Amino acid sequence: MTVTTAPEPVVVDELITETADRLFGELCTHEAVQAAEDSGGAPDIWEAFCETGFDLIAVPEEAGGSGGTLAEAIEVLRLVGYHSAPIPAAENGILGGWLLAEAGLERPDGLVTVVPPRIGSGLRMGSGEQPAGTDDSAGGGAARCLTGTSAGDCTVEIGDDGSAHLSGTAERVPWARSAAAIVCVCECDGTSMVVSVPASGCTITPLPNMAGEPRDTVNFDGATGRAAPAPDGVDAGALAQRGALSRVALMAGAIEKMCQLTVSYTNERVQFGRPVARFQAVQQHLVWAAQDAALVRMAAEVAAREATRGDAPFEIAAAKLVANQAAARATKACHQAHGAMGMTQEYPLHHFSRRLWSWRKEYGSDAHWSAVLGEMATGVGADGLYPLITSGTAALG
């Protein structure tokens, strides 16, 4: 008889939830979020967030972080989305801090952000391959590598001494204008390398996303930084999955809050002598929004739990696809229930809907994650489909 041991439970300390919720509840007022959109940041909110240690949660203490689990970091991100906090919580710790810690690179004072990899194509080896218009005069044993970004290819020349020289342009880099360092992943001769470059050495063009959050263009020409090999399991694919998980957590919080706003508004708004929430057509919108809020939160919690235990490609892919689709349905239902009020700057609904429309496009579209899940399903065959659905990544062997 074979006896299997149940995995250790993944539990998030309630104090983390309570502290983050109280912090954001006090600071992320409607006026503060509006002002951050106009100025491109909220330094007061970010400073208070850092004072709690939440900015580096899940980064090991020996690497300068606060410790904690990935599940705890994801819970904090859910509350960032719930309060529409205009801060780079995902980039600084879960993504950039994780890459630097895994590669053993020194963390600078200040914010760290990452260059999102090109989803779907990953990174290409630079050995014997280089972009048109470049020469082969790196010298000193330098290796020329390509890193696939959301904008195209950037060239990284890595020397024997760990120096890194970058050229090219990356678009839609979150919070680059406020960063002390910009981190990316490249692959050179079959080895994944983590590269960290001081933002002061780059030319940064400020650009916002639909929600007014910084998604800047970074020109690396002439930028110099440090590079180090990454351990197994840390590469562009892992960064894409971790980035997707971060967006799922943010969307889970935003959909939940958007649904609560809609319920409150429709109960207060009176039409034809009764609250509009009592009309069956409006109730249908409320039910759809509530279903999506519960669905995405559950998907985020399951994916975070499995990613804390180990690899979770199936859970993360499914969660991102669920969140992307739910964001579209929920924003439609909530705006429909609000009517014209939901379109005004003075009312906070747009803080959530515009973020949802932006986040669902980052780290993989519906089509990408549908294809990923389809490949997993066809890979296990007909007999493996049900175990894949019920057991997730564990069924992939």
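**Close-up views of a predicted model**

At 73% relative accessibility, F272 counts as exposed.

**View 1. F272 sits in a loop between two strands.** The strands on either side of this loop are β11 (270-271) and β12 (274-275). Take a moment with the backbone here: phi of F272 is near 55°, a positive value in a residue other than glycine. Most residues other than glycine have a negative phi.

**View 2. A58 is another residue with a positive phi.** Its phi is near 80°, and A58 is not a glycine. Look for A58 in the loop that runs between α3 (43-51) and α4 (70-82). Is A58 buried or exposed? With 19% relative accessibility, A58 counts as buried, because the cut-off for buried is under 20%.

**View 3. H338 makes polar contacts through its side chain.** You will find H338 in helix α8, which covers residues 313-338. Which side chain does the side chain of H338 meet in a polar contact of 2.8 Å? The partner is Y347. The H338 side chain also reaches the backbone oxygen of C334, at 2.9 Å. H338 has a relative accessible area of 3%, so it is buried.

**View 4. A patch of negative charge gathers on the surface.** Four residues make up this patch: D13, E14, E18 and D21. One of them, E14, belongs to helix α1 (residues 14-27). E14 counts as exposed because its relative accessibility is 58%, and the cut-off for exposed is over 50%.

Note on methods
Residues numbered from 1 in each chain as written. Predicted model: local features only at pLDDT ≥ 70, side-chain atom pairs only at ≥ 80, totals over all residues. Heavy atoms only, no water. Patch = residues over 30% accessible without salt bridge, like charges linked within 9 Å, V, L, I, M, F, W, Y side chains within 5 Å. Areas by Shrake-Rupley, 256 points an atom, 1.4 Å probe, with all protein chains shown as cover. Salt bridge = Lys/Arg side-chain N within 4 Å of Asp/Glu carboxyl O. Lys, Arg positive; Asp, Glu negative; His and termini not counted. Charge placed at Lys NZ, Arg CZ, Asp CG, Glu CD. Helix = DSSP H or I, 4+ residues; strand = E, 2+ residues; numbered from the N terminus. Buried < 20%, exposed > 50% of the residue type's maximum accessible area, 1.4 Å probe, protein only. Polar contact = N/O pair within 3.5 Å; in protein donor to acceptor, adjacent residues only side chain to side chain.
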